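Hi,

Here is the structure I promised to pass on.

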Amino acid sequence: MRETFRVHMGWLHSWVGFLAGLVLTCIFATGTLSVFDKEITQWMQPEVTLDHPPAPTPLALQRAAETTMAEQEKDLFAFITLPSLRDPVIRVLHYDGHEFIGPVLDPVDGHIFPARVTAGGQFFYDFHFALRNGPVVGCTIVTLLGVCLLVAVGSGIAIHIKAMWPDLILFRPFGPRPRAWLDAHLVTGVLFLPFLIMMTYTGTVIRARGILPPHPFLPAQQTEAPPAAARPPAKTNVSAPPASAIRPPTPPLGPLIARAQQILQAERCELILFSPTQIRIFRSDDASLFLTRDLVTFSRADGHVISSFIQKGAAARTLELLHGLHYARFSSALLRWLYFLSGLACTVLMGSGLVLFLMKRRKASGQKILFRTAEGLTIGVLVGLPLAIIGLFWANRLLPLSMDARMEAEIQVFFMLWAFSALHGLICALRNTAYSGWRAQLVVLAFMGLGLPVVDGLTHSHGWLQDAGRYYTLDALVMLSGLAALIVFRKLRRQPS
């Protein structure tokens with residue numbers, strides 16, 4: 001009975017893990033990059049000078065408000081993000097359907113940096129969040145895949161729990177390839193199992209309302225209005241302005257931010273949203289483990305407090321905790337690196353699972369069309385996705401700064417490289433030359449990974465000492481990926497399958 005159960009769990013783990021894993025590997029890889037989405041955006045906009053985040057001056061806030069109004073006159077729903085430790089500039093952003101993009105302002109004098117137009121790290125966040133298919137279709141697919149991953153994790157625990165400790169002791173990274181891949185799969189699966197379950201569970205739960213019928217288990221919290229003494233006296237005998245009237249001038253934002261911090265008992269506020277009659281200022285979501293959207297609403301006419309909104313109740317706080325654990329915006333630099341390395345390990349876990357699935361079936365099914373298709377798709381995922389990501393960075397440095405639709409061109413480079421990789425992998429696999437397909441794409445990946453630091457230096461996009469840690473860290477990580485591709489290529493050359 002026990003062996004029959006393990007056999008059924010093994011079938012479930014293999015097939016659910018492979019079919020969902022083709023997409024989940026991409027979701028985890030882009031989610032791992034999203035841990036440093038702000039830093040990637042800064043690498044892709046080297047024209048923006050990054051200093052320690054000063055408190056934005058009244059002049060800078062005034063110019064940010066003026067820039068926001070100019071954006072809104074273009075029928076863009078623009079808003080302001082204030083400087084933070086990770087992003088020490090003022091940004092006026094709007095949502096283009098995929099990313100939040102917009103001008104970048106100096107927090108001292110408010111001038112707009114002549115930054116190149118790019119999707120930046122937001123591109124990876126959107127892919128991780130919705131596969132670039134929108135908040136309805138894309139989020140629903142990602143949520144369902146999260147459920148599949150929970151099934152694969154549970155079945156994997158069931159089939160490996162008995163021999164888990166001996167497999168950890170006998171880790172053989174340089175042994176025969178099937179054994180080495182299995183050990184890599186088991187070690188990453190065991191050591192990073194808590195992280196994998198936490199991220200999968202929280203990511204699925206916070207989006208579960210997209211696949212479940214709505215239920216008011218999180219009722220609106222009480223909105224607290226200020227005391228009557230804090231409100232200005234009501235004006236009488238004043239006729240309402242016509243709907244076509246010009247919007248009232250925006251009151252100074254500095255005092256409003258200070259007042260919002262006082263009401264919310266927050267060290268810092270982050271977002272400022274404008275409507276024709278109101279200004280809403282939100283608490284920063286990196287202040288604590290609980291990711292909140294507490295806010296204070298002000299009158300746009302004279303700046304008096306209209307109301308405040310603070311989430312209360314156990315259900316709301318639990319949801320805030322789940323958001324905080326998944327998005328990790330509260331984290332320090334060390335904790336973000338731990339998130340990044342853990343996400344990378346989980347990506348290796350899924351990638352090694354895809355390879356193991358093919359290895360176990362190559363002898364019996366290697367000549368079948370479905371197997372060859374599966375191997376071609378696996379090449380497109382495991383080699384093609386890193387190739388496309390590095391290609392996006394190459395495009396950011398090589399495309400002309402004044403090019404029309406420059407951001408769209410960067411994204412097209414990403415998807416074209418990925419499509420060519422998948423197509424090449426499928427053609428090689430269907431022609432029964434998948435081994436050559438692996439090697440050819442690994443060579444290209446190694447060349448592009450090792451070449452990006454050279455391209456970064458030759459384009460003179462930033463000074464050698466300008467925020468060196470941020471630029472050279474990304475260059476070094478990409479170069480390490482190129483070295484890893486070169487090592488795998490050499491092992492494949494020595495050990496043909």
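**How α11 and α12 pack**

Helices α11 and α12 cross with a left-handed sense. Keep in mind that this is a predicted model. α11 covers residues 333–365 and α12 covers residues 369–398, and their axes come within 11 Å at a crossing angle of roughly 155 degrees. Angles over 145 degrees count as roughly antiparallel, so that is how α11 and α12 run relative to each other.

As for who touches whom, the α11 side brings Gly351, Leu354, Val355, Leu358, Arg361, Arg362 and Ser365, while α12 answers with Phe371, Ala374, Glu375, Thr378, Val381 and Leu382. Sorted by type, the residues of this contact come out as seven nonpolar, three polar and three charged.

**Thr202 in α8**

I also had a look at Thr202, which sits in helix α8 (residues 193–205). Is Thr202 buried or exposed? Its relative accessible area is 2%, and the cut-off for buried is under 20%, so Thr202 is buried. A polar atom of the Thr202 side chain lies 2.7 Å from the backbone oxygen of Met198. Once neighbours within four places in sequence are set aside, Thr202 is in contact with Leu322, Leu325 and His326.

**And α2**

One more helix for you: α2, residues 37–44, is mostly covered, with seven of its eight residues buried. Which ones are the buried residues of α2? They are Asp37, Glu39, Ile40, Thr41, Gln42, Trp43 and Met44.

Cheers

Terms used:
Residues are numbered from 1 along each chain as its sequence is written. This is a predicted model: local features need pLDDT of at least 70, side-chain atom pairs count only at pLDDT 80 or more; totals for chains, interfaces and linings use all residues. Side-chain values use heavy atoms; hydrogens and water are left out. Helices (H or I, at least four residues) and strands (E, at least two) are DSSP runs, numbered from the N terminus. Buried means under 20% relative accessible area, exposed over 50%, partly exposed in between (1.4 Å probe, protein chains only). A polar contact is a pair of N or O atoms within 3.5 Å; within protein, one must be able to donate a hydrogen and the other to accept it, and residues adjacent in sequence count only if both atoms are side-chain atoms. Contact means heavy atoms within 4.5 Å. Axes are lines fitted to C-alpha atoms, for helices over the stretch in contact, and angles run from 0 to 180 degrees between N-to-C directions. Angles under 35 degrees count as roughly parallel, over 145 as roughly antiparallel, 65 to 115 as roughly perpendicular and the rest as oblique. A crossing is left-handed if the near helix is turned anticlockwise from the far one by less than a right angle, and right-handed if clockwise. Ala, Val, Leu, Ile, Met, Phe, Trp, Tyr, Cys and Pro count as nonpolar, Asp, Glu, Lys and Arg as charged, and the others, Gly among them, as polar.
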